[in-house]
Amino acid sequence: MGEKILSEHRRSFGTFDAVDFVDTDAIAAIRSRLDLDVPIDLHWTWEYGSEIEELRNLYERGKRGQWNAETDIDWSQPFPRDEWFMPKEGALLLPSILSMMGADDDTCRRAGYDEFAHLLSQLLHGEQAALQLCGQLTNTCPTMDAKFYAGSQVIDEVRHVEVLSKFLQRKVGTIFPISPTLKVLLDMLLEAPTWKLKTLGMQTLFEGMAVGIFDEIAKATSNPLLKDIIRRVQIDESRHAAFGVLSMRQVVREASTAEREEMEDFAFSILEALNANQQLDMLRLLAPKYGLDPESVVQMTLALPQWPALISEIFMHTVVPNLKRLNLITERTEAAYRRIGVMYGDDGSAQPLAPPAAD
């Protein structure tokens, strides 16, 4: 499967190979890389009718699902710092560990607030990457159906950047910088040489991950404002993940063996790097503030008997089932997915492909 992404930032925790950034200069250099050289092809098409009915239907659903981030959300609702808006244990890593160690409630709550702000900040940065990548797709996609949908997703992503940044600025008070691991991976997608790899990487992998993360937040939070924002974003993200699968289905079907294996390896390398980070970027930044050693936290979580089930939950929500549907997890790669903890138990392929009709 080739050299692992970020191999120069790898280290071992027992048998687990983790991505760990400890050099602050290297992190600063990654974050300061604001201009990317991204030459892309522009593809005209003279077929203005619908060639792929499912994509055109998805575009129509997207038009019906538009909402205004400023006027459709009740920004007067509070988001208090001194109240639990997520469960104390089980939803976020830092408060769960601190609670097990006997830390007082206030310390656990502050740690949870910080970790959540960091998580939402990474989602915000990811939404900006999706905004820019969908702009690329409007040029490179071969069919008008795909151009229609990619164009409609651009405004979805603008709205997501708007709503998450406003929530973080108005209610949380902090936007954390992008994690170095995430920045490297998003740059790879933006610089990918073909629309096929861009679509696979952003629409199928990262949008699928976003669906799983937003779903976990929506189920866990008790705050009405946050719940409303996440619900709206989540409906959009479900359409985006569906676009990835619908777009890639024919691509994979028509691909040669070599092309299919390239897509298999590309998908695995991205998900392996995401999984290998094990929240170390967040832990390096926040754990010392609460008297925790980042390496000890990772070693403790890796030693948990339920670790494979816990770590695979976000991946198994949408990403793995959709890759299975596309036949991009095969006998050649499935064992590797299971070995690193991304795939666990049933493959989850019974989950629905398209977003619910209620949107």
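The points below comment on a predicted model, its charge pairs, backbone, aromatic rings and cysteines.

1. Basis of the note. The model is predicted: local features need pLDDT of at least 70, side-chain atom pairs count only at pLDDT 80 or more, and totals for chains, interfaces and linings use all residues. Residues are numbered from 1 along each chain as its sequence is written, and side-chain values use heavy atoms, with hydrogens and water left out.

2. Side chains of opposite charge can pair when their charged atoms come close. A salt bridge here is a side-chain nitrogen of Lys or Arg within 4 Å of a carboxyl oxygen of Asp or Glu, and the search of the whole structure returns 34 of them. One of these joins Lys4 to Asp17, at 2.9 Å from N to O. Lys4 belongs to the segment before strand 1 (10-13) and Asp17 to strand 2 (residues 16-19), so this contact ties together parts that are 13 residues apart in sequence. Helices (H or I, at least four residues) and strands (E, at least two) are DSSP runs, numbered from the N terminus. Asp17 also meets Arg10 in a salt bridge, at 3.2 Å from N to O. For accessibility, buried means under 20% relative accessible area, exposed over 50%, and partly exposed in between (1.4 Å probe, protein chains only). Asp17 and Arg10 are both buried, whereas Lys4 is partly exposed at 40%.

3. Arg170 and its two partners. The side chains of Arg170 and Glu70 form a salt bridge of 3.0 Å, N to O. This pair links distant parts of the chain, 100 residues apart: Arg170 is in helix 5 (residues 144-172), and Glu70 is in the loop between helix 2 (53-64) and helix 3 (93-100). Arg170 is partly exposed, with a relative accessible area of 43%, and Glu70 is partly exposed at 33%. Arg170 also lies over the face of Trp75, 5.0 Å from the ring centre. The criterion for such a placement is NZ of Lys or CZ of Arg within 6 Å of the ring centre and within 35 degrees of the ring normal.

4. A charged network. Salt bridges with shared partners connect Lys88, Asp105, Asp106, Arg109 and Arg110 into one network.

5. Helix 9 and the residue after it. Helix 9 (residues 257-277) contains 21 residues and spans 31 Å from its first C-alpha to its last, close to the 30 Å expected at 1.5 Å a residue. The expected span is 1.5 Å times one less than the number of residues. Gln278 follows helix 9 and has a positive phi, near 50 degrees, although Gln278 is not a glycine. Gln278 sits in the loop between helix 9 and helix 10 (280-286) and is buried, with a relative accessible area of 10%.

6. A further positive phi. Asn327, a residue other than glycine, has a positive phi near 60 degrees. Asn327 is located in the loop between helix 14 (319-325) and helix 15 (334-340).

7. Aromatic pairs. Rings of Phe, Tyr and Trp (its six-membered ring) pair if their centres lie within 6.5 Å; planes under 30 degrees apart count as stacked, over 60 as edge-to-face and the rest as tilted. The whole structure holds eleven aromatic pairs. Among them is the tilted pair of Phe79 and Phe116, 6.4 Å centre to centre with 40 degrees between the planes. Phe79 lies in the loop between helix 2 and helix 3 and Phe116 in helix 4 (residues 105-140), so that distant parts of the chain, 37 residues apart, are linked. Phe79 and Phe116 are both buried. Tyr149 and Phe243 form another tilted pair, 4.7 Å centre to centre with 40 degrees between the planes. Tyr149 is in helix 5 and Phe243 in helix 8 (residues 224-254), so the pair ties together parts that are 94 residues apart in sequence. Tyr149 is buried at 0% relative accessible area, and Phe243 is buried at 0%.

8. An aromatic cluster. Ring pairs connect Phe79, Phe85, Tyr113, Phe116 and Phe167 into a cluster.

9. Cysteines. A disulfide is a covalent bond between the sulfur atoms of two cysteines. With a cut-off of sulfur atoms within 2.5 Å, the count is zero disulfides. For Cys134 the closest cysteine sulfur is that of Cys141, 8.8 Å away and too far for a bond. Cys134 is buried, with a relative accessible area of 0%, and Cys141 is buried at 1%.
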